[in-house]
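Student: I'm new to this one and would like to go through it piece by piece. Could you show it to me, please?

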Amino acid sequence: MAERGGIVDAVTGLHCPGCGAQFRLTDRFCEACGHELAIRRALLPDFGIPAGSVCESCAATEFDADGYCVACGEWRRPADRSAADLGAVQLVTDRGIAHARNEDSVAAAVLDDPTGSVVVIAVCDGVSTSENPQAASAAAARTGVDECVAALAADRPSPEAAVAGLEAAAIAVRDVATSGHAPSCTYVAAVVRPTANDTHEVTVINVGDSRAYWLSAGTRDDVPAQRLTVDDSWAQALVDSGVMDEEAAMRDPRAHALYRWLGADSDRRPGDTRPVTVEVRGPGALLLCSDGLWNYLSDPVRLAELALARPAETAAHDLVDFAVQSGGSDNITVALVPIVPSRASVQQ
């Protein structure tokens, strides 16, 4: 499968890494010390046309904004896989085998801070039974991360920032709707912030059945590997009511039917969703993913074995490859944030 890098772009930060002063999102330099401010961003899939692309049908080199050859009208199919390395987070999204297009989206921002990198991520899975689901997922992922970053820059705590991102994403998806059509998607987002004593605060929030996992390496003092989110699905309702265990519930034909999602036809209200915050200590990783991965591998311990076996950049692709090789019946998206102890902590 073809791979292609994501787009990374320098824009802003949270607190100045030089002196710790706060600044506005529009600032390029710290007014207190003059330090250049930066945020690394990515939004995937990357549907841009790479320079030098050639039409497979007529060998022309010009394409319109939608990817159609201006000479013969042939559509240039996007690469099956897009990936972005932002250092503190690895992003990979893949079309899979069964779907004709990728309706997932993932966005992330990494902000420089005096205590370490602050990471904001959103993974969204377009609901295939809705019209234009990829537009919904892209709008939700992009807007959710942008609004969360703005809230953090205003010095709001992570849970408030996560809620602000979700509510902005919900509005963005409703705005995508056209007469008679309501594109919809799932949403899971996270904020990862370094805290005192070499720990990290992880805040997650979700609507639908895209998931967040904490994947622990199994050290004695750390939080054990576990799922951090609860699905808004028929299968989860069966489990919660005690009617079936998870394995049996997932065999039900209605297992993936959602009762909450983002979209103009959703009846979810502000305040319906509460963020969850945990404090973790590495070695380990935070994983956000669409159901294209966890359909094949949902156990936190087994996910940790695969995700922590190799460096994060390689491991993110390993997770996606596992889903593709297991059947690839859906789009697959992974965001992996490695959490590693500082050198000083390791030496103690």
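Student: At roughly what angle do the axes of helix H6 and helix H7 cross?

Tutor: First, this is a predicted model, where local features need pLDDT of at least 70, side-chain atom pairs count only at pLDDT 80 or more, and totals for chains, interfaces and linings use all residues. Residues are numbered from 1 along each chain as its sequence is written, and side-chain values use heavy atoms, with hydrogens and water left out. Helices (H or I, at least four residues) and strands (E, at least two) are DSSP runs, numbered from the N terminus, while axes are lines fitted to C-alpha atoms, for helices over the stretch in contact, with angles from 0 to 180 degrees between N-to-C directions. The axes of H6 (residues 300-307) and H7 (residues 312-325) come within 9 Å, and they cross at roughly 125°.

Student: What does that make H6 relative to H7?

Tutor: Under 35 degrees counts as roughly parallel, over 145 as roughly antiparallel, 65 to 115 as roughly perpendicular, and the rest as oblique. With a crossing of roughly 125°, H6 is therefore oblique to H7.

Student: Which residues of H7 does H6 meet?

Tutor: Contact here means heavy atoms within 4.5 Å. From H6, the residues taking part are Arg302, Leu303, Leu306 and Ala307, and in H7 they meet Ala315, Asp318, Leu319 and Phe322.

Student: In what order do the strands of the open sheet with E1 run?

Tutor: Two strands pair if DSSP finds at least two bridges between them. This sheet has 6 strands, and the pairing is antiparallel. Strand E1 (39-44) and strand E12 (276-280) each have a single partner strand, so one side of each is left without a neighbour in the sheet. The order is E1-E4-E5-E7-E8-E12.

Student: Which residue in E8 is the bridge partner of Arg193?

Tutor: Strand E7 (residues 187-194) and strand E8 (residues 200-207) run antiparallel, joined by 8 bridges. In E8, the partner of Arg193 is Glu201.

Student: Which strands does H7 lie across?

Tutor: Look at the other open sheet, 6 strands in the order E2-E3-E14-E13-E9-E10. H7 runs at about 150° to E14.

Student: What residue does Asp94 stand opposite in E14?

Tutor: Strand E3 (residues 90-94) and strand E14 (residues 332-339) run antiparallel, with 5 bridges joining them. Opposite Asp94 stands Ile332.

Student: Where is Pro283 found?

Tutor: Most peptide bonds are trans. The bond joining Gly282 and Pro283 is cis, with omega about 10°. Pro283 sits in the loop between E12 and E13.

Student: How many residues line the largest pocket?

Tutor: On a 1 Å grid over the protein atoms alone, a pocket is an open set of points where a 1.4 Å probe fits, with protein on both sides within 12 Å along at least five of seven lines; lining residues have an atom within 4 Å of a point. Phe47, Trp75, Pro78, Arg101 and Gln134 lie nearest the centre of the largest pocket. Strand E2 (81-85) and helix H1 (133-153) each supply at least two residues of the lining. The number of lining residues is 23.
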